[in-house]
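Please keep the sequence and the structure open beside them.

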Amino acid sequence: APDSSFVHLALGILYTSRGQFPAAEEHLTRARAELPHDAQVSLAFARLRRVQGNDRAELEELERARSQEPADADVLAELADAYRLRGRYPEAGRTVRAALDLEADNADALVVMGHLQLHRADYGAARDHALWVLQHDAQHVGALTLLSAVKARRSFVLGLWWRYHTLLTSLGETRGMLVMVGAFGLYRASLVALGDH
């Protein structure tokens, strides 16, 4: 079925997971030509843009998916998580609440809500959201990550590391790398200064 939009969408997702971006782009483009208003194609493009490191294009694709399927809780949960990762917490909160209004037991939306509660230092609520998801799906990676983040944030030493990691993640790849290089330069300058004294 060389003209099947479903086949092209599936191949685009498969090639994205394998890191074969040109092939993924080709198949997703062909799927979009057949299904220009399909939210699943937009989500697949958003995931491709994420692994390519193109934050702006990822967000554009997720917002396109929301305009195509405004009542899809999965789309809203993914968009809310993208807002959260960029530090746009008010938008993330509104979007994830809309997702939970549509589907109160959506696992991805519950995990995003847990991360937002963790950001507000409401550890108990964040932990409860993670455990609720894990009771229904013990292998849910997002819930396991959230539970680990709650435990790390409660620890003094790991809490410092968690805050630093969250800051670097919210800055994006380029700015995060600049912060790392600057921190290393400061470390080396401190060693030289201490050696001189």
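This is a predicted model: local features need pLDDT of at least 70, side-chain atom pairs count only at pLDDT 80 or more; totals for chains, interfaces and linings use all residues.

1. Residues are numbered from 1 along each chain as its sequence is written, and side-chain values use heavy atoms, with hydrogens and water left out.

2. The secondary structure comes to eleven helices and zero strands, where helices (H or I, at least four residues) and strands (E, at least two) are DSSP runs numbered from the N terminus. Along the principal axes, the C-alpha atoms fill a box of roughly 75 × 40 × 30 Å.

3. Of the 197 residues, 37% count as buried, a word that stands for under 20% relative accessible area, whereas exposed stands for over 50% and partly exposed for values in between (1.4 Å probe, protein chains only). Among contacts (heavy atoms within 4.5 Å) between residues at least 6 apart in sequence, 44% join residues at least 24 apart.

4. Leaving aside neighbours within four places in sequence, Glu-58 is in contact with Ala-46, Arg-49, Arg-50, Ala-82 and Arg-86.

5. Gly-87 lies in the loop between helix 5 (73-85) and helix 6, and it counts as partly exposed because its relative accessible area is 32%. The C-alpha atoms of Gly-87 and Gln-52 are separated by 20 Å, and these residues are 35 apart along the chain.

6. Two surface patches deserve attention, and patches are made of residues with over 30% relative accessible area and no salt bridge, like charges being joined within 9 Å and nonpolar side chains (Val, Leu, Ile, Met, Phe, Trp, Tyr) within 5 Å. A salt bridge is a side-chain nitrogen of Lys or Arg within 4 Å of a carboxyl oxygen of Asp or Glu.

7. The negative patch is formed by Asp-74, Glu-103, Asp-105 and Asp-108. Of these, Asp-105 has its place in the loop between helix 6 (89-102) and helix 7 (107-119), and Asp-105 is partly exposed because its relative accessible area is 48%.

8. The nonpolar patch, of about 530 Å², is made by Tyr-164, Leu-167, Met-177, Val-179, Met-180 and Val-181. Helix 10 (156-171) and helix 11 (173-196) each give two or more residues to this patch, and helix 11 provides the largest share, four residues.

Conventions: Accessible areas come from the Shrake-Rupley method with a 1.4 Å probe; for residues, only the protein chains shown count as cover. Lys and Arg count as positive and Asp and Glu as negative; His and the chain ends are not counted. The place of a charge is taken as NZ of Lys, CZ of Arg, CG of Asp or CD of Glu.
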